[in-house]
Amino acid sequence: MRSPNSIVISVRKSDKTIKTQEKFYRTLTQRFRAINIPILRGMVNLFEMMIVGFGAINFSANEFIDEEPTTTKEDKPKSLTAKIGEVVMFAISIIIAIAFSIFLFKFLPLWITTFLETKFEAISSNYILFNIIDGILKTTIFILYIYILSLFPSFKSIFEYHGAEHKAVFTYEASLPLTVENARKQSRFHPRCGTSFVLIVFVISILVYTLIPRQPDFTTNLLIRLAFLPFIAGVSYEYLKISARYCHKSWTHLFVAPGLWLQRLTTKEPRDDQIEVALYSLQKALDKEEKA
């Protein structure tokens, strides 16, 4: 759970207790006003949230490992070598994830579209159509990717916790007591969800890439598109903020709806014990905020 000045990560242990990691956290845009400007702040926040997300996964994985029967020895302070090893593995994990994402959502759609361009005159002569097909392919691959992940029990559990997170946030935004009963009644679809952000990135990329002159070869085309990705992320971030701010207005429903539809894949109805973890984490974040 992110609050303006803190991050709280909560994990359900096998003995039913909840293990929590709490820390005060101020984003770069909070600390440096010079970069808290439209579009640039979106680029910075995207990078920061990626780091935070990997940190949360790492914490959860470590808690799972600690429960294994082989780890019966007493906890000892980590050596400098062990800490450096963790940092290196963390960095390698991020690099692999970014490389995989670039291949799946940038290289592969563009390669397929470029191949289709050689087969169909309509695509080669119409750059707007070229970019629309590229965008449709990216969106289709993303949806298939999420659907395949949802078939695995471990990822299904992640999507259930995702739904629990949204229900907890909705409960707080409705100024209701943070109880499982109140949260259970809330929607699992939230307009500020990162799922909506990804979809917005795909749509806006079609518009931006159409304004960029066509490049003569595949490699140059790919590199230029990668170079514009931070800008697209920044624009998408601003779009998401505006749509979330006015999500109660009828005129925004059409723009918010696709992201909410996609959340039918990325969220699942959570169990009560999962909602309890989300509420616990949210309450800890609120407590941290009072101290801040």
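Trainee: Which residues form a nonpolar patch on the surface, and what is their accessible area together?

Mentor: Please note at the outset that this is a predicted model. The patch on its surface is nonpolar, and the residues that form it are Leu80, Ile84, Val88, Met89, Ile92 and Ile96. Together they have an accessible area of about 590 Å².

Trainee: Is methionine 89 buried or exposed?

Mentor: Methionine 89 lies in helix H3, which covers residues 80–119. A residue counts as exposed if its relative accessible area is over 50%. Methionine 89 has a relative accessibility of 52%, and therefore it counts as exposed.

Trainee: How many residues of strand S2 are buried?

Mentor: Strand S2 spans residues 6–12 and is mostly covered. To be buried, a residue must have under 20% relative accessible area. Of the seven residues in S2, the number that are buried is six.

Trainee: Which residue in S2 stands opposite arginine 2?

Mentor: Strand S1, residues 2–3, pairs with S2 in the antiparallel sense, over two bridges. These strands form a hairpin, with two residues between them. Within S2, the residue opposite arginine 2 is isoleucine 7.

Trainee: Which residue in S3 stands opposite isoleucine 7?

Mentor: S2 and strand S3, residues 18–24, run antiparallel and are joined by seven bridges. They form a hairpin with five residues between them, and lysine 16 in the turn has a positive phi of about 80°. In S3, isoleucine 7 has as its opposite residue lysine 23.

Trainee: What is the volume of the largest cavity?

Mentor: A search of the whole structure finds one cavity of 30 Å³ or more. Its lining consists of Lys106, Leu110, Asp134, Lys138, Tyr209, Leu222 and Arg225. The elements that give two or more residues to this lining are H3, helix H5 (127–150) and helix H9 (218–245). The volume of the largest cavity is about 30 Å³.

Trainee: How many residues apart are glutamate 63 and lysine 19, and which parts of the chain does the pair link?

Mentor: The side chains of glutamate 63 and lysine 19 meet in a salt bridge, with an N to O distance of 3.2 Å. The pair links distant parts of the chain, with glutamate 63 in helix H2 (residues 40–66) and lysine 19 in strand S3.

Trainee: Which residue forms a salt bridge with aspartate 272?

Mentor: In this salt bridge, the closest N and O atoms are 3.0 Å apart. The pair links helix H11 (residues 272–291), which holds aspartate 272, to helix H7 (residues 180–184), 88 residues apart. Aspartate 272 is partly exposed, at a relative accessible area of 37%. The partner of aspartate 272 is arginine 184.

Trainee: Which residues are linked with Arg271 in a network of salt bridges?

Mentor: Arginine 271 forms a salt bridge with aspartate 273, with the closest N and O atoms 3.0 Å apart. Arginine 271 counts as partly exposed at 43% relative accessibility, and aspartate 273 likewise counts as partly exposed at 27%. The residues linked with Arg271 in the network are Lys156, Glu160 and Asp273.

How values were computed
Residues numbered from 1 in each chain as written. Predicted model: local features only at pLDDT ≥ 70, side-chain atom pairs only at ≥ 80, totals over all residues. Heavy atoms only, no water. Patch = residues over 30% accessible without salt bridge, like charges linked within 9 Å, V, L, I, M, F, W, Y side chains within 5 Å. Areas by Shrake-Rupley, 256 points an atom, 1.4 Å probe, with all protein chains shown as cover. Salt bridge = Lys/Arg side-chain N within 4 Å of Asp/Glu carboxyl O. Helix = DSSP H or I, 4+ residues; strand = E, 2+ residues; numbered from the N terminus. Buried < 20%, exposed > 50% of the residue type's maximum accessible area, 1.4 Å probe, protein only. Pairing = 2+ DSSP bridges. 1 Å grid on protein atoms, 1.4 Å probe; cavity = no way out; pocket = protein on both sides within 12 Å on 5 of 7 lines; lining within 4 Å. Points joined across faces, edges and corners; volume = space filled by probe spheres on them.
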